Amino acid sequence: MYKSPANTLFVGKNVVFVPECHSTNTLAAQLSQNSTVSEGTVVITRHQTAGRGQRGNTWHVQPGVNLTLSVMLTPGFLLIKDQFFLNIITSLAVRETLVELLSTPDISIKWPNDILVHEKKICGILIENQLAGSSIQTSIVGIGLNVNQENFELPNATSMLLQTNRQFELQAVFDLLMGKIEVHYMKLRQQKYSAEKHDYLKALYRRGEHHRFEAAGESFSGEIVGIDDAGRLAVSTGSEIEYFEVKQIRYL
Ligand code: BTN
């Protein structure tokens with residue numbers, strides 16, 4: 001069970017807790033279709049049996065020890081062309097939560113929105129938007145944050161416990177995260193786009209460094225120089241800047 005945080009106006013005020021579900025994103029989408037739910041409602045579970053990730057991947061974590069949730073937003077003010085800003089504000093909110101709780105600034109955002117601590121993935125984000133005309137009707141912001149998990153099958157995964165050698169109270173992490181999401185979402189409402197993008201770029205993993213990538217079956221060397229307005233990754237290959245969508249490029 002989770003209580004609604006005391007530090008927010010609407011994000012997390014209505015908490016829908018289910019002990020188990022396939023995917024909180026799927027459940028949130030069903031809720032938004034079948035009923036009127038207030039903005040900021042959070043669907044949260046202790047066990048996801050068919051958690052979904054980016055690029056059609058699955059999201060599988062140990063039950064009961066992590067945060068597995070979806071925040072339901074209705075950003076009618078946001079144009080479809082600006083929808084990547086939802087990824088930006090969510091990444092910044094998670095990053096700030098972790099900077100505060102882990103007391104390390106070495107937390108980066110791997111485009112489009114993986115959160116890494118010392119180069120290991122601690123949080124995955126899956127944002128699914130339902131569009132209506134030229135605006136966004138509902139945005140389901142799915143967050144899987146590894147809190148107290150001790151062992152992972154994947155070598156490049158980590159948790160808050162592994163980073164600090166201590167347990168965290170899930171409710172306290174939830175409260176802080178909801179507060180940060182609300183703060184950044186309000187900035188979006190106030191159209192503080194360039195400040196948010198600036199902070200996102202500052203935290204962007206491997207920006208300004210030369211690395212190898214793979215696209216269209218070929219590997220090449222390039223330097224991440226930023227993102228465009230649509231959220232595509234901008235990579236300089238020396239002679240030109242190329243822009244990539246999520247499924248078009250892989251970090252090597
Ligand atoms: C990724 O890194 O590929 C994104 C993972 C997103 C996982 C979260 S857990 C809560 C929400 N419900 C889902 O089915 N997925 C997201």
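Start at the ligand and select S23: one of its polar side-chain atoms lies 2.7 Å from an oxygen atom of the ligand. That is a polar contact, meaning a pair of N or O atoms within 3.5 Å; within protein, one must be able to donate a hydrogen and the other to accept it, and residues adjacent in sequence count only if both atoms are side-chain atoms. Before going on, bear in mind that this is a predicted model, where local features need pLDDT of at least 70 and side-chain atom pairs count only at pLDDT 80 or more, while totals for chains, interfaces and linings use all residues. Residues are numbered from 1 along each chain as its sequence is written, and side-chain values use heavy atoms, with hydrogens and water left out.

Next, click on Q48, where a polar side-chain atom lies 2.8 Å from a nitrogen atom of the ligand. At R52, show the backbone: a polar backbone atom there is 2.7 Å from a ligand nitrogen atom. How much of the ligand does the protein bury? Taken alone, the ligand exposes 410 Å², and the protein buries 98% of that (Shrake-Rupley method, 1.4 Å probe; for residues, only the protein chains shown count as cover). Now select everything around the ligand: 20 residues surround it, and the closest are S23, Q48, R52, Q54 and K121 (near means a heavy atom within 4 Å).

Move on to the aromatics. There are 10 aromatic pairs, counting rings of Phe, Tyr and Trp (its six-membered ring) with centres within 6.5 Å; planes under 30 degrees apart are stacked, over 60 edge-to-face, and the rest tilted. Select F84 and Y200, an edge-to-face pair at 5.9 Å centre to centre, with 90 degrees between the planes. F84 sits in helix 2 (residues 84-102) and Y200 in helix 5 (residues 193-202), so the pair links parts of the chain 116 residues apart (helices are DSSP runs of H or I, at least four residues, and strands runs of E, at least two, numbered from the N terminus). F84 is buried at 10% relative accessible area, and Y200 is buried at 0% (buried is under 20%, exposed over 50%, partly exposed in between; 1.4 Å probe, protein chains only).

Then pick Y205, F213, F220, F244 and Y251, which ring pairs link into a cluster.
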